[in-house]
Amino acid sequence: MELEFESKYEINRTAEFIISKSFTRIALQFPDELLKDSTKVVSALKSKTRLLTDREVRFFVMADTTYGSCCIDEVGALHIDSECVVHYGQTCLSPTSVLPAFFVFGKASINVSSCVKHLIDYASKSDKPIMILYGLEYAHVIPQIREELGLSKTDSQLSVANVLCSFISPSKDPRESMEHPRPYSESDSSDSLSSSRSYRLGGLTWDLPEGSKIEDYLLFWIGSDSSAFANVVLTFNGCDIVRYDAEEDSLVTEFYQQRRILKRRYYLVEKAKDANIIGILVGTLGVAGYLHMIHHMQALISAAGKKSYILAMGRPNPAKLANFPECDVFIYISCAQTALLDSKEFMSPVITPFEANLAFSRGSEWTGAYLMHFQDVINSVKSESEAHIRSEEPRFSFFQGGYVEDHKTNDQAKNGEEDTGETMTLVQAAEKALQLRGNDHNSLTKQTAAKSGPEYFLNRVYRGLEINSENTLPEPYIVGRSGKASGYKHE
């Protein structure tokens, strides 16, 4: 049992890595489901490092991360002056900003022979080449799967993706560290997805032969229905996908619910186009490039003539976001595996930066491709800005059922007239709110949508007793009941 435990948490490899880098203060980050083993891991690592070095190595256990457990909690690690973070469990392998990170993926149980049998049986029914993808918790069995399949590097019908890395070192330049694994090509072709050769997604990387397209492949996923798999389904929504469930030892070929997600995301994009006040939710403080993405979203929203507010509140939930009713939509800045937040129970929808680009960039159209990583979104905006010229013509709103005009033009924002315009709007709104317009009370409630937080709260009025201005005489008083409730005097 002890050897199995050390193998699962890779005690030897982790200790050798720590000693080779001369680290003395290590933060160990555990998800909730693995926290029960944290004390055993610390004891094992202490014993192993004592055998390898004379230096004292201190370990600190981190749990209950502020944001998603798949990302490195650099803020928590910096609070204890950690020199490195060892991350356990499911991870998105997002690049870090400050601290180096070492990843222990874990070793989930799987029947390799049964998995290979299902794969061969399904491959015999399909005429497409197969690309094998998997959750990182199954990376330890990939060499065995390769061996049983008899795969070679030149095999064109069966290919297996490789793990990107198990150690990440932060880049000194934030923009360089934003060069995260990308599902799209770096070629000059506008059909980036179809002409790409090198693919990287969710900690995996693979290459396609010259002239091949990812749509020509059948994607065979080994693992559970996790956020990493949902990322694959959305990103490669034009491919045929099959999932092998290792726990149930069965194949899953129907992904109707996952496909419906795309339809809902398009609905949220159309709804976001009518938003005037946007909240930017900070969903990570560790993924490299998150500040650059926040600034990019601010510039995008300002150019669209809308107002934005930055909100940092940890993991968002309906109760937290209900404190900001003035926001018509929220943009969630987080890693790729936590960005798709199901906001059905929220008062306002929550969208991704990619969807925000579609909603707030004039002339952009959704081609079906879906981007999740920061650098992909930035690159897509650069290519769209060259292809589209901003139009000031009214746009059609599906929710309002007609053509609408944006509140502000791009030239006004460039000339610095935004603050002056908002101040005048608040003054005019205050004057109108203090005026009584005869007996037509509907005219007071028939107002345009608020363009900022203060204007939103200014338009929120409480209407009490209505005064009948035509009859100023007091109504005659009425004598009520007297006595006890068990028997009033008049009864």
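Analyst: Buried means under 20% relative accessible area, exposed means over 50%, and partly exposed is in between (1.4 Å probe, protein chains only). This is a predicted model, in which local features need pLDDT of at least 70 and side-chain atom pairs count only at pLDDT 80 or more, while totals for chains, interfaces and linings use all residues. Residues are numbered from 1 along each chain as its sequence is written, and side-chain values use heavy atoms, with hydrogens and water left out.

User: Why does serine 308 count as buried?

Analyst: Its relative accessibility is 19%, which falls under the limit for buried, so serine 308 is classed that way. Serine 308 sits in strand 15 (residues 307-311).

User: Which residues does serine 308 touch, not counting residues up to four places away in sequence?

Analyst: Serine 308 touches Ile278, Ile280, Gln298 and Ile301. Contact means heavy atoms within 4.5 Å. For the chain, among contacts between residues at least 6 apart in sequence, 68% join residues at least 24 apart.

User: Aspartate 81 and leucine 93 each have a positive phi. How do you know whether each is buried or exposed?

Analyst: Aspartate 81 has 55% relative accessibility, over the limit for exposed, and therefore counts as exposed. Leucine 93 has a relative accessible area of 2%, so leucine 93 is buried. Phi is near 55° for aspartate 81 and near 55° for leucine 93, and neither residue is glycine.

User: Where do aspartate 81 and leucine 93 lie?

Analyst: Aspartate 81 is in the loop between helix 4 (74-79) and strand 3 (84-88). Leucine 93 is in the loop between strand 3 and strand 4 (101-104).

User: How many aromatic pairs does a search of the whole structure find?

Analyst: The search finds 11. One of them joins phenylalanine 5 and tyrosine 9.

User: What makes the pair of phenylalanine 5 and tyrosine 9 tilted?

Analyst: Rings of Phe, Tyr and Trp (its six-membered ring) pair if their centres lie within 6.5 Å; planes under 30 degrees apart count as stacked, over 60 as edge-to-face and the rest as tilted. Here the centres are 5.0 Å apart with 45° between the planes, so the pair belongs to the rest. Phenylalanine 5 is buried at 18%, and tyrosine 9 is buried at 2%. Phe5, Tyr9, Phe30 and Tyr88 form one aromatic cluster.

User: Why is the pair of phenylalanine 354 and tyrosine 370 called edge-to-face?

Analyst: The ring centres are 5.2 Å apart and the planes meet at 65°, which is over the edge-to-face limit, so the name applies. The pair links distant parts of the chain, 16 residues apart: phenylalanine 354 is in helix 13, and tyrosine 370 is in the loop between helix 13 and helix 14 (374-387). Phenylalanine 354 is buried with a relative accessible area of 7%, and tyrosine 370 is buried with 0%.

User: How much of the chain counts as buried?

Analyst: Of its 491 residues, 47% count as buried.

How values were computed. Helices (H or I, at least four residues) and strands (E, at least two) are DSSP runs, numbered from the N terminus.
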